[in-house]
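Here is a short note for a colleague opening this entry. Keep the sequence and the 3D view side by side while reading.

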Amino acid sequence: MKILVCISNVPDTTTKISFTNNNTAFNGAGVQFVINPFDEWYALVRALELKEAQGGSVTIIHVGAADSEPTIRKGLAIGADDAVRIDAEPNDAFAVAEQIAAYAKDKGFDLILAGKETISYNGSMVGAMLAELMNLPFVSMATKLDVANNVATIEHDIDGGTEVAECALPLVIAANKGMAEARIPNMRGIMAARTKPLLQVPAISTDKLTSISLFELSKGRTDCKFIDASTPEKLIELLHTEAKAI
Amino acid sequence: MSVLIYTEVSKGKVKKSSLEAVNYGSRIAAQLNTTATAVIVGDVDLSDLGKAGAKKVLKLKNDKLARLDSQYLSSAIEQAANAEGATVIIFAHDFTGKEVAPRLATKLKAGIVAGAVDNPVISGDSFTVKKNVFSGKAVATYSLHSAKKIISLLPNSFPVELKDGSAEAVDFAVNLDGINSPLKVKEVKKDTSELNLTDAELVVSAGRGMKGPENWGMIEDLAKSLGAATACSRPVADMDWRPHHEHVGQTGIAIRPDLYIAIGISGAIQHLAGVNGSKTIVVINSDKEAPFFKSADYGIIGDAFEIVPKLTEAVKKFKANQ
């Protein structure tokens with residue numbers, strides 16, 4: 001089975017974020033970048049488990065500049081066989097999907113996995129767009145994935161419950177929590193990652209349908225108003241009269 | 001030209017997030033001097049769509065739409081959009097919206113903003129919409145450069161407004177002959193809770209501070225007294241104290257109710273990422289250093305086992321006097 005896993009390079013969850021260029025660009029200076037957790041913990045690790053059980057290969061693909069290579073090497077250290085970096089700025093979901101589709105369309109991948117969304121731009125779009133560009137079925141929010149006899153069985157969250165679906169390969173799946181447990185790369189993996197193939201692919205020309213014109217930090221909450229533990233009924237009163245929440 | 005809104009049925013009626021989307025789409029239609037048309041799969045009472053601002057409802061008809069498969073549904077909505085000459089298409093940013101809206105955007109070469117939190121600003125050729133980024137730590141203003149535009153609206157961004165109004169409902173036959181999705185449903189497991197967590201206006205959530213699943217009775221009592229849905233933190237779901245679908249946070253579901261009451265949850269940044277859009281946050285924790293208090297509007301420092309039952313009594317008293 002040939003599996004392709006799409007990975008994004010995102011600021012670590014605990015990053016204190018800031019912006020530059022009159023608040024039109026993310027300030028990456030001094031920021032720790034990681035593989036997007038949904039791409040890594042769930043999509044990549046499940047892909048590796050399937051490969052280990054059934055044979056085949058796991059390729060990771062990333063759209064981004066050369067400075068994202070440490071993140072790609074981490075994916076190789078966890079166990080991917082090889083990696084592809086398409087040399088383009090990932091600043092529009094459709095453009096990213098077009099880049100990946102252009103590379104993947106004639107490579108015969110049986111399964112294409114991505115995280116359900118990035119923790120940076122929270123778009124949840126590239127997987128579905130990739131499926132459309134490659135004319136493949138798509139399942140989002142997948143929490144379980146198994147493959148037998150070229151048929152994938154996917155459990156995923158739907159409105160008000162979960163659905164178990166079956167689909168003949170190939171297809172695109174966006175992974176949610178539950179599909180696998182995070183793996184920490186060991187020393188052997190880290191050493192091996194240095195010499196695994198990392199192919200650089202030039203970007204194709206794509207459409208840029210959206211752009212970000214301004215960033216603003218979310219307004220934090222003003223001071224928390226404390227209510228004495230002996231008079232919790234005071235909270236209900238405040239929620240009604242002041243917050244108007246009830 | 002028109003504004004098209006994809007709407008959906010859940011538990012026998014039009015979903016609340018769909019009505020929010022129709023309100024949103026009809027406001028955009030008014031700005032563009034056109035009208036809003038809703039599309040829907042399913043036969044239910046559609047009068048709320050008219051009250052929410054739709055002038056017309058297209059009932060999408062094709063047997064293949066029995067499962068809302070993204071390949072079929074995106075093609076069906078594309079056909080409706082073309083028939084209506086829609087230039088702006090609205091979805092709710094929910095499970096279907098996430099699967100289908102990006103596919104449709106790809107078909108139409110439409111710029112898309114997924115998870116919008118405010119009305120678009122339209123001025124001449126400029127069309128901008130705000131959405132949350134970095135898991136709620138910031139808001140980005142997106143410019144859409146394409147002729148056709150798609151917005152999926154984050155649920156609970158606006159209250160539903162229903163006014164006098166009615167929509168003409170017509171059947172719209174969809175041609176899906178060329179598409180054969182290999183996706184088949186094997187099983188659907190419905191969660192049995194009465195309130196859908198993402199739709200809930202009030203949420204009572206609890207964490208490890210509750211010490212064990214046997215202590216959730218008082219959480220459920222408080223939720224019941226308020227008419228709130230119940231939720232939990234990640235460790236609680238991971239330890240199987242509560243079902244996975246109740247887990248809110250970065251890796252669970254993101255919610256933005258009017259009121260979020262967090263009991264015995266310390267407030268790790270990953271948890272905040274899923275709830276920081278809530279309008280009012282109450283934190284109850286015995287640890288006065290719990291980081292959640294920094295992100296709360298109201299706090300009570302103390303033992304949840306004593307406070308929560310007293311709160312439930314106070315809510316009951318309050319409700320009785322209403």
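1. Start at A:Pro170. This proline sits in the loop of chain A between strand E11 (161–168) and strand E12 (171–175). Strands here are DSSP runs of E with at least two residues, helices are runs of H or I with at least four, and both are numbered from the N terminus. The peptide bond leading from A:Leu169 into A:Pro170 is cis, and its omega is near 0°.

2. A word on the source. This is a predicted model, in which local features need pLDDT of at least 70, side-chain atom pairs count only at pLDDT 80 or more, and totals for chains, interfaces and linings use all residues. Residues are numbered from 1 along each chain as its sequence is written, chains are lettered from A and ligands numbered from 1 in the order in which they are written, and side-chain values use heavy atoms, with hydrogens and water left out.

3. Chain A as a whole. It holds six helices and 15 strands. The C-alpha trace spans about 65 × 45 × 40 Å along its principal axes. Of its 246 residues, 55% are buried. Buried means under 20% relative accessible area, exposed over 50%, and partly exposed in between, with a 1.4 Å probe and protein chains only.

4. Contacts and charges in chain A. Take the contacts (heavy atoms within 4.5 Å) with a separation of 6 or more: 70% of them join residues 24 or more positions apart. Chain A carries 22 positive and 31 negative charges, and their mean positions are 5 Å apart. Lys and Arg count as positive, Asp and Glu as negative; His and the chain ends are not counted. Each charge is placed at NZ of Lys, CZ of Arg, CG of Asp or CD of Glu.

5. A:Asp87 is 113 residues away along the chain, yet the two C-alpha atoms are separated by 6.9 Å. Beyond neighbours within four places in sequence, A:Gln200 is in contact with A:Glu69 and A:Arg85. Its side chain also makes a polar contact of 3.0 Å with that of A:Arg85. A polar contact is a pair of N or O atoms within 3.5 Å; within protein, one must be able to donate a hydrogen and the other to accept it, and residues adjacent in sequence count only if both atoms are side-chain atoms.

6. Is A:Ser120 buried or exposed? It counts as buried, at 5% relative accessibility. Its loop runs between strand E8 (111–115) and helix H4 (126–133) of chain A. A polar contact of 3.3 Å joins its side chain to that of A:Thr118. Apart from neighbours within four places in sequence, A:Ser120 is in contact with residues of both chains, among them A:Val10 and B:Ser135.

7. Look next at B:Ser135. This residue is not a glycine, but its phi is positive, about 50°. It lies in the loop between strand E9 (126–133) and strand E10 (138–144) of chain B. At 12% relative accessibility, B:Ser135 is buried.

8. Compare A:Asn150. Its phi is also positive, near 65°. It is found in the loop between strand E9 (138–148) and strand E10 (151–158) of chain A. A:Asn150 is exposed, with a relative accessible area of 52%.

9. Last, helix H4(B). Of its 14 residues, 13 are buried, so the rest of the structure largely encloses it. Just after this helix, B:Lys109 takes a positive phi of about 50°.
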